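Student: I'd like to learn how to read a model like this one. Can we go through it together, starting with the whole chain and then moving to a couple of residues?

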Amino acid sequence: MRIATLAVFALLACAPAFAQRPSDPALLLPQNAPELDYVAVADPLTFPVGTTMGAAASVAFDSKGHLWVLNRGTQPLVEFDANGKFIRGFGEGLFTRTHGLRFDRDGNIWVTDVGAHIVVKMNPEGQTLLTLGTKGEAGAWDEATGSRHLNQPNDIAFSRSGDVFIVQGHTPGAAGDPRVLKFDKTGRFIKSWGGKGKEPGQFEVAHGIAIDAKGLLWVTDRENQRIQIFDADGKFIKELKYAGLPCALDIGNRYIYMVNGFAGQVLRLDLNGTVLAATGKPGKGVGEFGEAHFIAVSPKGELYVADSVNSAVQKFVKR
């Protein structure tokens, strides 16, 4: 085995176009906060000689405490043990442009494919159990007309009852249809809400979603620089404003950790969403980010961040 940073496949040549770095410098200003009491660790993942991985889109932990990295290489799903040692990779040919990764309570793997406009549910062996959306076709989900399309799905979350919430709409500007879609655990469509805009309940880019202990949905509305909070039926509760580009969340028992996109930060929030601390900055070094895209907290309290631009996974441990 050798220690390795994450290598880049030729596929990554198109990454900057999808990453959509904003032209407005105001969106790149970091969140002011005290320094987080975590430090970055160099080379957190180990690979067999000759094994590489594509740009890291997302990270998640399974019930065994194993780290999974969703990437944009030839094997888009890669499993590591709790110490970052490579176990296996699979998923060749399944996806077009991977984006979000989550595990449900039954241990099933859910992947959003922002390029093919689908969400795929798989068992741990990699067998597809359910596909939401129509592969390669963007559009609206409308049961009345028989249209069952997604439009750039970004992330997924699960309620305690098993309901599935998908956030979609990855393109800022006039294009796209950013919204939240709700399904039951069998994939039956229930409802959706959202649309382009800056008003409560509207989104510019509905990029990430997480559910708190009260069952409330926290949605990162990236270019609108806010989190919007809803109940499970889509009732708007409140918004929380931040500097930078709120991308994704991990809600724990004590803290919420949020990654701040091209501002290059990891933020610690309290359970009300107040910023407590931050670490990171734009760059290519250890603890620096091209885009802090998704975050997962290990059972040991370590922070793992997928950097989709630098093609890296960054690990932070308590000082």
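Tutor: We'll take the overall fold, then two residues. Keep in mind that this is a predicted model.

Student: What share of the residues counts as buried?

Tutor: Of the 319 residues, 58% do. As for the surface, the accessible area is about 12800 Å², and 52% of that belongs to carbon and sulfur atoms.

Student: And what do the contacts say about sequence distance?

Tutor: Take the contacts with a separation of 6 or more: 47% of them join residues 24 or more positions apart.

Student: What about charges?

Tutor: You can compare where the positive and negative ones sit on average. The chain has 34 positive and 33 negative charges, and their mean positions are 3 Å apart.

Student: Now a single residue. Is S58 buried or exposed?

Tutor: The cut-off for buried is under 20% relative accessible area. S58 has 0% relative accessibility, so it counts as buried. You'll find S58 in strand 4, which covers residues 56-61.

Student: Which residues does S58 touch, leaving out those up to four places away in sequence?

Tutor: S58 touches W68, V69, L70, H99, G100, L101, F294 and A306. For L101 there's a polar detail too: a polar atom of the S58 side chain lies 3.5 Å from the backbone nitrogen of L101.

Student: What does the side chain of K315 make a polar contact with?

Tutor: With the side chain of Y304, at 3.5 Å. Setting aside neighbours within four places in sequence, K315 is in contact with V39, A40, V41, P44, E302, L303 and Y304.

Student: E302 is on that list. How far apart are K315 and E302 in sequence and in space?

Tutor: They are 13 residues apart in sequence, and their C-alpha atoms are 7.0 Å apart in space.

Key
Residues are numbered from 1 along each chain as its sequence is written. This is a predicted model: local features need pLDDT of at least 70, side-chain atom pairs count only at pLDDT 80 or more; totals for chains, interfaces and linings use all residues. Side-chain values use heavy atoms; hydrogens and water are left out. Helices (H or I, at least four residues) and strands (E, at least two) are DSSP runs, numbered from the N terminus. Buried means under 20% relative accessible area, exposed over 50%, partly exposed in between (1.4 Å probe, protein chains only). A polar contact is a pair of N or O atoms within 3.5 Å; within protein, one must be able to donate a hydrogen and the other to accept it, and residues adjacent in sequence count only if both atoms are side-chain atoms. Contact means heavy atoms within 4.5 Å. Accessible areas come from the Shrake-Rupley method with a 1.4 Å probe; for residues, only the protein chains shown count as cover. Lys and Arg count as positive and Asp and Glu as negative; His and the chain ends are not counted. The place of a charge is taken as NZ of Lys, CZ of Arg, CG of Asp or CD of Glu.
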